[in-house]
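Let's take a friendly look at salt bridges. Please keep the sequence and the model open as you read.

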Amino acid sequence: MTQTTTRVLEPSDLGAALAILESEPVANAFVTSRVQVAGLDPWRLGGEMWGWYADGRLRSLCYAGANLVPICAGPEAVRAFADRARRAGRRCSSIVGPAEPTALLWRLLEPGWGPAREVRANQPLMVTESPSADIAPDPLVRRIRKDETDTLMPACVAMFTEEVGISPLAGDGGLLYQARVAELVGAGRSFARIDDGKVVFKAEIGAATTQACQIQGVWVAPEHRGKGLSETGMAAVLRYALADVAPIVSLYVNDYNAPARKAYRRVGFRETGTFMSVLF
């Protein structure tokens, strides 16, 4: 009979945790990027990393911070993570990850944690290793300088509010969100086209490892939509990402956002899997 256990991982478990994370570099890019920088210390990581063991071997992970993220988790591991999450109480603002384990995790947690503000059960995961030759990159899309952060911020707030349904300025007045935007700008992973002092297109490389990176925060100013800027802008960001960051670029998108899915396919992305998000 298989013996299983679940525990909070310690810094000494870093090698084993990275082996699991790097076994699926695209799906795990968000958590892998955090662990590679911060290790497994909860304070630096911004949350705990739970490990599920079978017969003494680490098999699955669950990141428990601002997001609850099951990683390489089969049904038995998901049930164990749900038990721990129930005991700890909800501290996260979302549950997100590959659709199958995330759906099971939510089914187990919903009686105690529900209702959710929104459940996005079908978010196609899109990947590319090379840009399409059919879309020319917008030459005006470029890296944002640190002294342009204040110009960028209103577009970031508008994107977040439109996408998530609440303002990132709520709660702490936006301090954490502004710090994250500044972090991405400082790392050279924030891109935009600025016309007459206003952002008309923007996107960030939110998670980055040597194996894969993930584009997020794609936004076009409402008055400029329908002009193809999302395609030419994404082509430009994709060029930077492949040249400077990682050999595989990914993103995930809401299934109902047909225009965005079409634009990303035209730029060179293909759908390879499905994510799911539960928003509180």
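Is R225 buried, partly exposed or exposed? With a relative accessible area of 38%, R225 is partly exposed. Keep in mind that this is a predicted model.

R225 pairs with E162 in a salt bridge whose closest N and O atoms lie 3.0 Å apart. This pair connects distant parts of the chain, 63 residues apart. R225 sits in the loop between β10 (213–220) and α9 (229–244), while E162 belongs to helix α6 (residues 149–164).

## A pair within one helix

Another salt bridge joins R180 and E183, with 3.2 Å between the closest N and O atoms. Both residues are in helix α8 (residues 175–186), and because they are three residues apart there, about one helical turn separates them.

How accessible are these two partners? R180 is partly exposed at 29% relative accessibility, and E183 is also partly exposed, at 48%.

## A buried pair

Now for K202 and E204. Their salt bridge brings the closest N and O atoms to 2.7 Å. E204 has 5% relative accessibility, so it counts as buried, the cut-off being under 20%. K202 is buried as well, with a relative accessible area of 0%.

## A network and the total

Salt bridges can also share partners: R142, R145, D147 and E148 are joined into one network in this way. The count for the model comes to 17 salt bridges.

Key: Residues numbered from 1 in each chain as written. Predicted model: local features only at pLDDT ≥ 70, side-chain atom pairs only at ≥ 80, totals over all residues. Heavy atoms only, no water. Salt bridge = Lys/Arg side-chain N within 4 Å of Asp/Glu carboxyl O. Helix = DSSP H or I, 4+ residues; strand = E, 2+ residues; numbered from the N terminus. Buried < 20%, exposed > 50% of the residue type's maximum accessible area, 1.4 Å probe, protein only.
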